[in-house]
Amino acid sequence: MTYVAPDTVPGVLAAIASDPEGTLVMGGGTVLEPMMTAGGFARRPVVALWRAGLSGIDRLTDETRFGATTRLRDVASTAALPSLSYAAGLVGGPAVRNRATIGGNVASGCGDLLVPLLSLGAKVVIAGDRGFDECPIDQLLDTFRLPASPERAGIPPDRVVTAVVVPHSVGRTAYVKIARRRYNTPTVAAASAVATFDSAEGGVITVARVALRGLSSVPSRARQVEDFLLGQPIVDDVIDKAVELLDELGGGYADAVASAWYRRRMAKVALSRALSALK
Amino acid sequence: MNERVTLQFVVNGVQVATVADPVTSLQSLLRETLGLAGSKAGCREGSCGSCSVLVDGQLELSCLVPAAEIEGRTVRTAEGFTTPGEHGLDPVQSSFVDQFALQCGFCSPGMVVATHALLADCPDPTREEIIVGLSGNVCRCTGYEPILRAVADAALKLAHKTGSIDPAQDGRAPRSPVEER
């Protein structure tokens with residue numbers, strides 16, 4: 001196995017190019033390092049991103065751009081995006097957040113930050129030998145293989161995520177994570193919602209984006225809920241009906257953390273609380 | 001066989017040089033190459049915190065740090081905090097003893113390191129700040145309350161303040177550093 005940590009993005013792409021299908025791209029190492037300790041990936045080349053200058057947060061007028069290797073600790077203290085920073089602060093414990101990266105969280109296909117990022121309409125910047133492309137995260141997730149794997153699911157093997165671009169929302173935002181403990185705990189179900197209203201004092205919803213985790217292992221937008229909310233005020237009766245729509249979707253997935261049965265129920269609780277937080 | 005790289009770094013004030021597979025964990029380097037068992041191998045996946053160390057002053061889990069990233073860095077393990085003082089222990093360690101904050105002791109080295117990291121950033125933490133600061137460290141024995149008191153006690157010691165930490169109090173007494181604010 002080879003391990004390289006190139007100091008430029010072209011260097012990273014060149015290193016990956018010698019074995020795109022086999023190369024493991026390492027951000028913070030919070031997913032790959034334990035797998036390697038456990039004996040997996042023994043002969044696969046590793047390209048590490050920590051020296052490639054991909055860390056940093058640029059706050060622009062309408063959006064914030066996070067370099068792919070920006071640590072979750074720093075994402076968690078970003079004032080402009082409260083639902084995203086709140087979600088980042090709930091991933092792992094403090095030491096995990098000192099290493100885990102926003103790019104890795106997205107590229108894993110199953111990271112918690114995908115839920116608020118979907119609701120905020122975020123994009124990823126992907127570098128390849130033809131330059132940089134911006135891709136909406138929901139479009140990226142549509143191509144993810146299931147079950148999500150650490151092998152950059154959804155990102156073409158010869159390319160790498162270099163940034164996550166998040167528009168600033170003019171609406172209200174919310175993120176709710178349901179888990180068995182308060183901190184340092186994997187997610188059972190989560191919901192994120194962004195809504196703009198036609199007047200500052202209540203009014204009806206003019207734009208809604210809702211994302212869920214729990215009905216499937218890859219986070220997704222709940223478009224039926226979004227369509228239902230348009231033109232409605234955010235009151236309890238509307239919230240209850242919106243949550244009931246999830247019954248028609250079924251789903252839920254099982255793992256060591258929770259059963260599919262429990263996840264279907266907790267996805268509804270998460271959605272209910274997230275929508276209530278928009279009041 | 002993986003290729004190995006030469007690494008030079010500082011551990012507990014001592015310059016070390018070694019050769020290692022670049023993706024070997026720092027935990028493995030510390031325990032197996034350097035014989036420093038204070039970084040405990042609990043979960044080996046970043047969930048339990050028992051391998052906590054400081055790297056350049058920052059709280060890290062040694063099971064998550066690849067050896068390749070440690071070149072030129074300064075590492076401090078639980079063993080690196082013992083200094084002459086009360087019982088030969090540093091203020092955090094002696095607070096843990098005084099407050100009965102350890103039983104089996106497996107989580108304790110990691111808890112001591114995490115406490116140092118917390119108090120360096122936040123010398124006068126509230127109860128909630130202590131909980132968040134130590135949220136990456138799991139304990140199966142104590143139920144955590146004695147650990148919270150130990151951290152509050154250590155905060156007072158390190159700030160050279162006096163105050164009372166009464167285990168019978170529920171945290172609402174005035175001037176208790178464990179009260180919620």
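**Sheets and interface of the predicted model**

Modeller: Strand β9(A) and strand β10 (residues 187–197) of chain A run antiparallel and are joined by eight bridges. This is a predicted model, in which local features need pLDDT of at least 70, side-chain atom pairs count only at pLDDT 80 or more, and totals for chains, interfaces and linings use all residues. Residues are numbered from 1 along each chain as its sequence is written, chains are lettered from A and ligands numbered from 1 in the order in which they are written, and side-chain values use heavy atoms, with hydrogens and water left out.

Colleague: Why are β9(A) and β10 of chain A called paired?

Modeller: Two strands pair if DSSP finds at least two bridges between them; eight bridges join β9(A) to β10 of chain A, so the term applies. One bridge sets A:R172 against A:A195 in β10(A). Strands here are DSSP runs (E, at least two residues), and helices are runs of H or I of at least four residues, numbered from the N terminus.

Colleague: What makes β9 and β12 of chain A edge strands?

Modeller: The open sheet has the order β9-β10-β11-β12 (chain A), with antiparallel pairing. β9 (172–179) and β12 (220–221) of chain A each pair on one side only.

Colleague: Which strands form the sheet of chain B, and in what order?

Modeller: The order is β2-β1-β5-β3-β4 (chain B), an open sheet of five strands with mixed pairing. Its edge strands are β2 (14–20) and β4 (58–61) of chain B. Four bridges join strand β3 (residues 52–55) of chain B to β4(B), antiparallel, and B:L54 has B:L59 as its bridge partner in β4(B).

Colleague: Why is the meeting of A:R99 and B:E69 called a salt bridge?

Modeller: The term requires a side-chain nitrogen of Lys or Arg within 4 Å of a carboxyl oxygen of Asp or Glu. The N to O distance for A:R99 and B:E69 is 2.8 Å, and therefore the pair qualifies. The count between chain A and chain B is three salt bridges.

Colleague: How many residues does each chain give to the contact, and how much area is buried?

Modeller: With contact meaning heavy atoms within 4.5 Å, chain A gives 25 residues and chain B gives 29 residues. The chains bury about 2300 Å² between them, 54% of it on carbon and sulfur atoms. Buried area is the accessible area (1.4 Å probe) that two parts lose on being put together, summed over both.
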